[in-house]
Amino acid sequence: MADLTRRGLLAAGAAGALTLLAGCGKDQPRQQAVDGRPHGEVTVWLHGSQDTGQQFQELVHRYIAEFRVDVKLLYLPVGQLDAKLLTAFSGGAPPDVFKIGHWSFPAHAKKKRLAPVDTKALSLQNYEPGTTTPLTYQDVPYGVPIDFNPCMLYYRKDRFEEAGLDPDKPPVTWEEVAEYSVKLTSRDRSRVGLQWLYGDPQWALMMLTALVQGKGGELVAAGGAKASLATDQGRAALTYMSGIGNPKLSNPLGALGLFYSGEAAMVVSGAFLGPALEKLGKDTLTFGKQYGVAPMPTWAGGPPVVPAYTWGWGVAKDSPNQFTAWHLVNYLQGAPSVAANLDNGIIIPTKGWRDAGPRGKSEIMKIVADSLPHVDFGPIIPGTLELAKAAAGAVDSVAYGKSTPAQAAATFDSTVRMVL
Amino acid sequence: MRAGTILRAVWLIVAVGFMLLPVYAMLVVASAPDDTDLRGLVFNGFHLPENIRLLFGEANLPTYLRNSLILCVGTGVLDVMFSAAAGYAMAQLSFPGRRVLFALVIGTLALTPMVLVIPVFLIVKELGWVNTFQGMMVPGMISAFGVFLVRQFALGIPKELLLAARVDGAGEFRIFARIAVPLLKPALITLFLVHFLAQWDNLLWPLIVANEQELWPLPVGLANFQSEVGFNYHLTTTAALVTAVPPFILMVALQRYYVAGLTFGGLKR
Amino acid sequence: MSVLDGVRARPQATAGMLGRGRTRPQATAGVALTLPVAVFFVVFWLVPFLAAIYLSFTDYEMAGTPNWIGLANYERMFADPGFLNSAWITVVYTVCTVVPTIVLALLVAVPLSKPGRLNRRLRALVMIPAVMPLAATSMVWVIIYSDRGMANTLLGLVGIEPQSWLTSSDLAIWALVVMVVWKSMGLFVIILTAGLQALPGEVYEAAAIDGSGAVTTFTRITLPLLRRTLLFVLVISVAGSMQAFVPAFLLTGGGPADATQVLPYYIWANAFPYEHMGYAAAMGMVLLAAMVIVSALQFGFLKGGDE
C-alpha cells in the first residue's frame, strides 16, 4: 500500500518534470520563406578538415556577401558529433544545416527530424546517379552527398616484389587476394598481405556487404526487416575474413599506419587514402612506385560489388529557414567546392566532377568513376549503426578466435533481431 | 638506518621515474617535426618551440585557454563558497531538512551523469542558457563531492570552540565566516584544486551546450583540433603539454596548503 | 543580523528551543547556508533524476512521446549479452584499478611523507600525470602501446616478447587499467602523504624504542592510524571507477571485440548514438543501485573505523 502511494508520487513528480521539460521545443512557429529568395540566418554544424577548411570558409564568406544571409559555422569534433546533434534534436534546438554520415540519415528521417530536399533551391539531377540513394528514405530525398568514397584496393608494390609477385598485377579476385596474402604474410604474422580494419563497425559492414552480396547472398533482406549471416555466404565471408590479416597488429595511425610502414601489403580504403599517404611522408611513399591502387576485388566469376560510404548535408525539419538552408547547401556544393575538394582527394559527386581539376584524371579517380555503377551503400535502414556494430562483433570475434564463423553468425542474427 | 634511507630514495626515484616515462614519450612526440616516427622513444630533433608557435598561430588556443580559466576558476570559486556554507551547516548546525539534504547530496554521488544529459539540457534550454557561459558552468557548479568533503572536515571542528563563540555573543553567520572558514581553509583549497582539475578535463558538457567556438574551453578545442588536422599526433601532443601547464603551476603553488588541508579532519581532534 | 542579536550572550542550551535541541538562530543560519545548494541539487539533479527514472520505464527513443512499458527495459537487461558482458568488465575494471592504485600510492606515499628537499621535489613530479588532460594523454598511451612503442621496448629489455596491448582482446583491459592507475595515482599519493604527515610522531618514536622493524611499524601502527584517510580514498576511487567512461572511450573505444566495454560506456553507446534512451536510463538505475550498495558497505566500514 505504502509502496503504491510512493510509486504514484514518483510517477506524478516525474511526469510533471517531464511535461515541464518537454514543453519546450514545440513552440516557435516555423515560418517558411515566402518566395524563392534566401534570407535570414542559417546555422551549420560540421566537422572540420584542415585541407578544405580554408576554401570552405572563403566560400561561406562569399555567400554571406552575395546573398546577405547570416551563416553561422560551428566545427565539431567528429567523435562527439552524434551526442551533440542528438541532444540538440531531442531538446528541440537543432541547427539548420548539418553534415552527417549516410548511415545516420535513415534513423533521423524515420524520427521525422529531417526536411526533404527543396528542389526549388537545389537540383538533384546534378548528382551522379545512385550517389543520393543512401540519403533517400522511403523515396524521399533528405540530403546531398559530400566526401563520397567507394572502396578500392591499395597495395604495396615493393612488398609484392619482395614476395616474388608482379608489382604491376594487383589481385583481381578475392581468391587471388587470399593467395597473394599467404605469400605476403611472414611466419610470425607481423607482416601480412591484406589487413582488415578491425573494430570499425562501418568498415566491417562494408566488407561483409562486398563478400556476401558478391557471392549472390543477401546480408539484409525484406526491405531491412531481416538481416542474417547464418547463411552459406555469410559463414563463408566470416571464414574468408578470418583467414587473412592479423587483428593484433597495431599502429597509432591504424591501417593507414600499417600500410605506410609496409606491415600490411594491402588495405581496402577510399579515395582519401592516397592524399593522406602523400601528406604523411612524401619522400617515403610515392604513388606508382612504392604503392598502387586497384579496383575492389570480386569473387571469381561473381558480380562486382563496390561498398561505399558518403557524408551528406541534411537540413532540420524544425529549421525555420529551410529554403535558405538548401540554397546554401547548393552553393557549398558548387563548382569551386568540387574543384577544391577534389584537389584533396575528397569527392563531391556532381556530374562532371572529374573535370574539376587535375586530380580528377588520376588513376584513383578513374577507379572511382568506373566503380560508380556497382556502388553498394549497404542497407539504408534506421538500425544501420547497430547492424554495423553487430557486424564488427562477428568479424572480430572470429578474427580473435573467440568463436567459430557459425557461432559468430548465430550471435549476429540474434543480436540484430532485437534491433531491426 | 643509513642503508634504509638510501634504499627509500632509490625506490622513490625509480617509482617516480616510471610515472614520468609517459611524460617523456609525450615530450618526444611533441618535439617531432611530423608523424612519421610514432614510437615515442628517441628525439627526432627538437621542434617543440616551432610546434608551439604553430599552435598559437593557427588554432584559437588563447581563446580556449581564456574560456577554460573562466570556467574552472569561476565554478571552482562558486563550488568552494557554496560547499563551504552547506558542508559546515550540515556538520555543525541543527536545522530542519538537514538529513534529507545530506541524503540528496550523497545520492547524487552514485548517479551516472550520462542518463541525465538530456533532462539537464532541457532545463538549461528552458532557462535560456544554451550557448552561454552560465549554461556551461551552472550544471556542474556545485559538486556533491565538495559538499561531502567539507562536511567531513567540518565535523572535526571542536564543538567547544563554536560554543565559546556563541557564549561570547557571536551570531551564527559570523561564527561561520570568522571561525569555521579559516579552519576549513586548507580543505577548501583542496576542493578548489580537485574541482579545477575535473573541469579542466571536462569535454562533453561544454561541447553540448556551446554553439560557438568563441565559448569553447580547451578540451573541446583540442578534440576538434584533433579531428581538424586529421592524423596529427605531434601537434595534438604539443597542445596537451601546453594545456597541462596552468594546472601544474596551480598545483605546485598551492601544495603547501592542500597537503596541510587534508591533515585537518584526519586525526587531530 | 538583527534576528541573531536577540539571543546575544544567552547560554545556548536555553536559547529559543525549537525541539530536538534546535535553536532558532541555528535553524535560520542552517537553512540560509544550505539553501543555494538545496535549490541547485533539486533543479540540476533531483528533477533530471526523476525524469530519468520515468524514462527507464518507457520506450523513449529520443523522439516522439515516451510510452510506458513497465519493467520491460529491466527485463531486457538480463537477456542482453552486451549488458552482462559490460557489467562483468566493470567489476574487473573497478577492482583492478582501485586496488593497485591505492597499494602503489601507499608504497610511494610512505617514504615520500618524510621531510626533505628531494621528497618535496618528487611530490610535485608525482602530480604531473594528474594534471595532464586525459584526452591528450590517451593519445600518448596509444603510442606507448604500439607495436614498437615504449611498453614493448621496456619489456624487451627484460627479455619479454612484444605484445599487442590495445589490439589483443585479452590484454586491452590491462592496458587500460595501467593507464588509469598511472593517471589517478598522483592525487592519491598526495592525499595519503598528507594523512601520513598528520600521524603523531610520538607513536613512531615509541615503536623505534621498542625496536619494531619497518614492516611491523607499517602494518601495526601506520595502517590502522591511516584507516580514515584510506577509506576516504577508497570511497572516491571506487565511485570514480564504477562511473568511468572517458578512459575506455578515448583509449580503446570499448574494443577490441568489446573487451573494454565498461558499463558506463555501454550505457553511453545505447543513448548516443543508438538512441535507446529508455534502456540506457534503466541501466543507469541498475548501476546506481549497485553503487548505493557498495557505498553503503564502505560507509559501514567508515563508521566502524571512526569512533
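Colleague: Okay, so two residues are in contact when their C-beta atoms, placed from the backbone, lie within 7 Å. With that in mind, which residues does A:Leu122 touch, not counting residues up to four places away in sequence?

Modeller: This is a predicted model, so everything here is computed from it. Leaving out residues up to four places away in sequence, A:Leu122 touches A:Val117, A:Val144, A:Trp326, A:Val329 and A:Asn330.

Colleague: Where does A:Leu122 lie?

Modeller: In a loop of chain A, the one between α4 (105-110) and β4 (136-137).

Colleague: And is A:Leu122 buried or exposed?

Modeller: Buried: A:Leu122 has 23 other C-beta atoms within 10 Å, and 20 or more is the cut-off for calling a residue buried.

Colleague: What separation do you get between the C-alpha atoms of A:Leu122 and A:Tyr331?

Modeller: 8.7 Å, although A:Leu122 and A:Tyr331 are 209 residues apart along the chain.

Colleague: Let's zoom out to chain A. How many helices and strands does chain A have?

Modeller: Chain A has 15 helices and 14 strands. Its radius of gyration is 24 Å, close to the 22 Å from the globule rule for 420 residues, so chain A is as compact as a globular protein of that length.

Colleague: What does the C-alpha trace of chain A span along its principal axes?

Modeller: About 70 × 70 × 35 Å.

Colleague: What share of the residues in chain A are buried?

Modeller: 55% of the 420 residues. On contacts, take the pairs in chain A that are at least 6 apart in sequence: 75% of those join residues at least 24 apart.

Colleague: Changing topic to sheets. In what order do the 4 strands of the open sheet in chain A run?

Modeller: The order is β8-β11-β7-β12, with mixed pairing. At the edges stand β8 (192-195) and β12 (291-295) of chain A, each with a single partner strand, so one side of each has no neighbour in the sheet. From one strand to the next, the twist averages 20 degrees.

Colleague: In what sense do β7 and β12 of chain A pair?

Modeller: Antiparallel, over 5 bridges, with β7 of chain A covering residues 152-156. A:Met152 stands opposite A:Pro295, which is in β12(A).

Colleague: What does the domain assignment give for chain A?

Modeller: The assignment gives domain 1 (37-150 + 309-376) and domain 2 (152-308 + 379-419) of chain A. Their C-alpha centres lie 28 Å apart. Where these domains meet, the contact takes 26 residues from domain 1 of chain A and 24 residues from domain 2 of chain A.

Colleague: Which element gives the largest share of the side of domain 1 of chain A that touches domain 2 of chain A?

Modeller: That's α13(A), with 7 residues. By class, the residues on that side of domain 1 of chain A divide into 15 nonpolar, 7 polar and 4 charged.

Colleague: And how is chain B divided?

Modeller: Into domain 1 (1-46) and domain 2 (60-264). The centres of these two domains of chain B, taken over C-alpha atoms, are separated by 32 Å. Their contact takes 7 residues from domain 1 of chain B and 8 residues from domain 2 of chain B.

Colleague: What about the domains of chain C?

Modeller: The assignment for chain C gives domain 1 (2-56) and domain 2 (80-304). Over C-alpha atoms, 37 Å separate the centres of the two domains of chain C. The contact there takes 4 residues from domain 1 of chain C and 6 residues from domain 2 of chain C.

Colleague: Now between chains. How many residues does the contact take from chain B and from chain C?

Modeller: 82 residues from chain B and 91 residues from chain C. Several helices of chain B give two or more residues to the side that touches chain C, including α1 (2-30), α3 (61-92) and α12 (233-264). By class, that side of chain B has 62 nonpolar, 13 polar and 7 charged residues.

Colleague: And how many residues does the contact take from chain B and from chain A?

Modeller: 27 residues from chain B and 26 residues from chain A. On the side of chain B that touches chain A, α5, α10 (204-209) and α11 of chain B are the elements giving two or more residues. Of these, α5(B) gives the most, with 8 residues. That side of chain B has 15 nonpolar, 7 polar and 5 charged residues.

How values were computed:
Residues are numbered from 1 along each chain as its sequence is written. Chains are lettered from A and ligands numbered from 1 in the order in which they are written. This is a predicted model: local features need pLDDT of at least 70, side-chain atom pairs count only at pLDDT 80 or more; totals for chains, interfaces and linings use all residues. The radius of gyration is taken over C-alpha atoms; the globule rule is 2.2 Å times the number of residues to the power 0.38. A residue is buried if 20 or more other C-beta atoms lie within 10 Å of its own, exposed if 12 or fewer, and partly exposed in between; C-beta atoms are placed from the backbone. Two strands pair if DSSP finds at least two bridges between them. Axes are lines fitted to C-alpha atoms, for helices over the stretch in contact, and angles run from 0 to 180 degrees between N-to-C directions. Ala, Val, Leu, Ile, Met, Phe, Trp, Tyr, Cys and Pro count as nonpolar, Asp, Glu, Lys and Arg as charged, and the others, Gly among them, as polar. Domain bounds come from an automatic or database domain assignment.
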